[in-house]
Amino acid sequence: MTIKLNPLNAIDFYKADHRRQYPEGTEYVYANFTPRSSRLAKMLPDFDDKVVFFGLQGFIKHFLIDTWNEGFFKQPKEKVVAAYKRRMDSSLGEGAVPVDHIEALHDLGYLPLRIKALPEGSRVNMRVPVLTVINTDPRFFWLTNYIETVLSAELWKSCTTATIAYEYKRLLTQYAVKTGAPLNFVPVQGHDFSSRGMSGIYDAAQSGVGHLTSFIGTDSVASIDYAEEYYNATGVIGVSVPATEHSVMCMGTEDSELETFKRLICELYPAGVVSIVSDTWDFWRVITEFTVALKPEILARQPNALGLAKLVFRPDSGDPVKIICGDPDAEVGSPAYKGAVECLWEVFGGTTTDQGYKVLNERVGLIYGDSITLDRAQRILEGLEAKGFASNNLVFGIGSFTYNYLTRDTFGFAVKATWGQVNGVGRELFKDPITDSGVKKSAKGLLRIEESENGFTLFDQQTAEQEQGGALKTVFENGKLQYECTLDQIRERLSIA
């Protein structure tokens, strides 16, 4: 991989000269990364104020190790120092930021930092730090908060995506249990459709692994690569199916849409699962007329190696609740009034679960992926239940409306220093703005986290000996990864959370 980013520049400008702003004699700075508040609770009534901690190992491997080594330590000192000086001089003024400390860091040859963290895949209580970071060499006290910008930028999104994915899994599991749907369908019932709407393909890959902590359904190929590269993922990481897009259907022309369907299901994909976008023109015609015309071919589909043989219809416009469950304001008895699931039931029938809920014939199904949110997913599941249908009649395509309509403030993630040492004497640091609601009030001093049956609890103002205990474990020290986890381990933690 060619690294063109100078990692020294992955900062806000004001970080550049904080080194000289600290008191003379500063030796250590100790900071933490904490989710401080929850806005998701407003979206899902039973949210229990816990976030999924995920993304640190990928950040360490990709940025703290690979990017720093390739973009700084392995580069000629004169080159990287000159580049840094030019950047500072051109924006802050000639000589505004000295570079002797940068030269000393290059001479050292590694990042003198120690990061302690909770296990990735942990569900962490609000206002409890997920990690702490401190410099290991007193000459480089400035490094702790120097990396705040990139640490925050790289981690808040992964944690937030993994948390929301977990909430989808919990919601889908809840309705599977209520309606008697098989629980082994849940891992594919939430399918990642978000890549094209993310902030670049690297964001799509990194965020997409957050989805994979709770599901295996994904259309993000790069996420699987990321999971293999940075989380030692093996086995079933992510799965998908052949699927069409509107350009395919349009190219086949509206007059020949039925023939396009037939060619897809009989010639190209006669076995296994295929998903066909069905609202290019008249979705209700497809779901009520094409299904009848192609019923013999659909029922004759052959199972693949996994025993699956299903034609999945994909509506891609309109109100998802009404499209799937029916529109009470539509003409009584019309397809729109009945909704897609009832229309398919009338053509293909199916079975019932032990709880008495209907499941469509195994040869047909539905997927909806237009602007799905937790709230909309819940309303669709409620609508299916009310109509007497089990939850597994539908797969949800979870897109960027869920995974990119977010900010760092979704869970209030922030890096804050709470302890330092000046001339051999420790200082407990904290902030508690009188003008704030209390959200920005920080912990104080050295920190220890303990795990109990109620989750994780923060203890601040700890002694150095107390800080060594608890659930935070060293994962990175002096340029090296000290502990490595796998995607399977993360999934296992979330399966029992």
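Trainee: What am I looking at, and how are things numbered?

Mentor: It's a predicted model, where local features need pLDDT of at least 70 and side-chain atom pairs count only at pLDDT 80 or more, while totals for chains, interfaces and linings use all residues. Residues are numbered from 1 along each chain as its sequence is written, and side-chain values use heavy atoms, with hydrogens and water left out. Helices (H or I, at least four residues) and strands (E, at least two) are DSSP runs numbered from the N terminus.

Trainee: Back to that pair: at what angle do helix 2 and helix 6 cross?

Mentor: Roughly 130°, with the axes of helix 2 (residues 56-73) and helix 6 (residues 148-179) coming within 9 Å. The axes are lines fitted to C-alpha atoms, for helices over the stretch in contact, and angles run from 0 to 180 degrees between N-to-C directions. The two helices are therefore oblique to each other. Under 35 degrees would be roughly parallel, over 145 roughly antiparallel and 65 to 115 roughly perpendicular, with the rest oblique.

Trainee: And how does helix 2 cross helix 9?

Mentor: Their axes come within 9 Å and cross at roughly 75°, so helix 2 and helix 9 are roughly perpendicular. On the helix 2 side, Leu 56, Gln 57, Gly 58, Phe 59, Lys 61, His 62 and Asp 66 make the contact, and helix 9 brings Tyr 226, Glu 229, Tyr 230 and Tyr 231. By class, that's 5 nonpolar, 3 polar and 3 charged residues.

Trainee: New topic. Which residues of helix 16 are buried?

Mentor: Ala 340, Val 341, Cys 343, Leu 344, Val 347 and Phe 348, in a helix that runs over residues 340-348. They sit on the same side of helix 16, because they cover an arc of only 160° around the axis. That arc is taken from the directions from the helix axis to the C-beta atoms. Buried means under 20% relative accessible area, exposed over 50% and partly exposed in between (1.4 Å probe, protein chains only).

Trainee: What comes just after helix 16?

Mentor: Gly 349, with a positive phi of about 65°.

Trainee: What about phi at Asn 232 and Thr 253?

Mentor: Asn 232 has a positive phi of about 50°, and Thr 253 has one of about 75°; neither is a glycine. Most residues other than glycine have a negative phi. Asn 232 lies in the loop between helix 9 and helix 10, and Thr 253 in the loop between helix 10 and helix 11.

Trainee: How accessible are Asn 232 and Thr 253?

Mentor: Asn 232 is at 32% relative accessibility and counts as partly exposed. Thr 253 is partly exposed too, at 37%.

Trainee: Last one: is Tyr 405 buried or exposed?

Mentor: Exposed, at 66% relative accessibility. Tyr 405 lies in the loop between helix 18 and strand 13, and its C-alpha atom is 9.2 Å from that of Met 198, 207 residues apart along the chain.

Notes
Contact means heavy atoms within 4.5 Å. Ala, Val, Leu, Ile, Met, Phe, Trp, Tyr, Cys and Pro count as nonpolar, Asp, Glu, Lys and Arg as charged, and the others, Gly among them, as polar.
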